[in-house]
Protein chains: 2
Amino acid sequence: MKKNMGPVNAMYPSLTTIVGVVVNGKPNFSAIAHVGIMNHGQPQYISVGINKLHHSNAGILEHREFSVCVPSEDMVAETDYVGLVSGKNTDKSNVFELFEGELKHAPLIKRCPVCMECRLDRVLDFEAHQVFIGEIVATHVDEDILREDGKIDLAEVRPMLFDMASASYWSLGSPLASCWSVGKGMKRRLKG
Amino acid sequence: MKKNMGPVNAMYPSLTTIVGVVVNGKPNFSAIAHVGIMNHGQPQYISVGINKLHHSNAGILEHREFSVCVPSEDMVAETDYVGLVSGKNTDKSNVFELFEGELKHAPLIKRCPVCMECRLDRVLDFEAHQVFIGEIVATHVDEDILREDGKIDLAEVRPMLFDMASASYWSLGSPLASCWSVGKGMKRRLKG
């Protein structure tokens, strides 16, 4: 039996990321899991939804640049920390060792296996959140998490998945099946 | 060492959903993992990014309603199937047993443990994709996947996570740590 819970957001789990910006001349970082994939194909656009009360928003609006880094499981404490404290009263510029990419205002975290630099494309205004849509400019990846075909090995990234209902980070499991493939038997059966 | 791979979308894994619409008077379904969370708080807004060539888009634009259902691992073949074949030449209205919610043009799938009904809020236009942002109107959940506190037990949902690099569906792992909690030790240490 189904229960109507009312308008509950059940779009979980979502990928836990660390969004990097420059505010008042300093790098600032925030844990953000309210993310999205917009256009697929070139250009690539992704979204990060940040509460309007957060410190990071002004930095993105000023410089029109930000980074989205994907932390591994072993960074769970640091990731949670940058989600717990606000840049308004805490300097988070030294929490991570950084590296330089192509943009000037998209600070990149060395320890994250995957880091994307984004140029702001547009901002969506909602009741509590601003959603920043970024065009991906460059993606920096640890060489030792690449597979032989040169693509990212998700098992090596060991991303953390966020669930609001349990207020927990979850690990990723194992590959289940191939996309655009495991349904082919059904396609043949329904056509036959 | 980091490698600059160029503008690669590395925002994976993402949640695999089945988007339901009504097109030409018939329910149609498509597997969509390019999803997002927009506003958090009331109202709740989520996004689904659908290639402009797809059959579903016209239905959402006509009725301004759609559903987003979360299939379990045991629905991997059916989920992949509705992503493999187009509603333009295949009738997918009988693939799933449906149930009625509050909206007339947001077909809901009985077998999915979680189903959200959405009213279209706005449409974003990108090069290849239209992103449909929906306000969640109602969320229907299998009673036997609810925890004692009445919230959704993600372990019972057994969602499928999509990865573009491996073109695979992945399972969810286990809870790692509590959000807004596991970083508290670091907060105390850095303040002290």
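How many residues does the contact take from chain A and from chain B? It takes 104 residues from chain A and 104 residues from chain B, contact meaning heavy atoms within 4.5 Å.

This is a predicted model: local features need pLDDT of at least 70, side-chain atom pairs count only at pLDDT 80 or more, and totals for chains, interfaces and linings use all residues. Residues are numbered from 1 along each chain as its sequence is written, chains are lettered from A in the order in which they are written, and side-chain values use heavy atoms, with hydrogens and water left out.

The two chains bury about 9,200 Å² between them. That is accessible area (1.4 Å probe) lost on being put together, summed over both parts. Carbon and sulfur atoms give 67% of it. On the chain A side, A:K2, A:M11 and A:I37 lose the most area to chain B, together 9% of what that side buries.

A:K2 also forms a salt bridge with B:D142; the closest N and O atoms lie 2.7 Å apart. The rule (side-chain nitrogen of Lys or Arg within 4 Å of a carboxyl oxygen of Asp or Glu) finds 2 salt bridges across the interface.

The side of chain A that touches chain B divides as follows:

| Class | Residues of chain A |
|---|---|
| Nonpolar | 61 residues |
| Polar | 25 residues |

Gly counts as polar here. Strand β13 (residues 168-178) of chain A gives the most to this side, with 11 residues. Strands are DSSP runs of E, at least two residues long, numbered from the N terminus. β13(A) runs antiparallel to strand β13 (residues 168-178) of chain B, joined by 7 bridges; pairing takes at least two DSSP bridges. A:S168 stands opposite B:S178.

Note on methods: Helix = DSSP H or I, 4+ residues; strand = E, 2+ residues; numbered from the N terminus.
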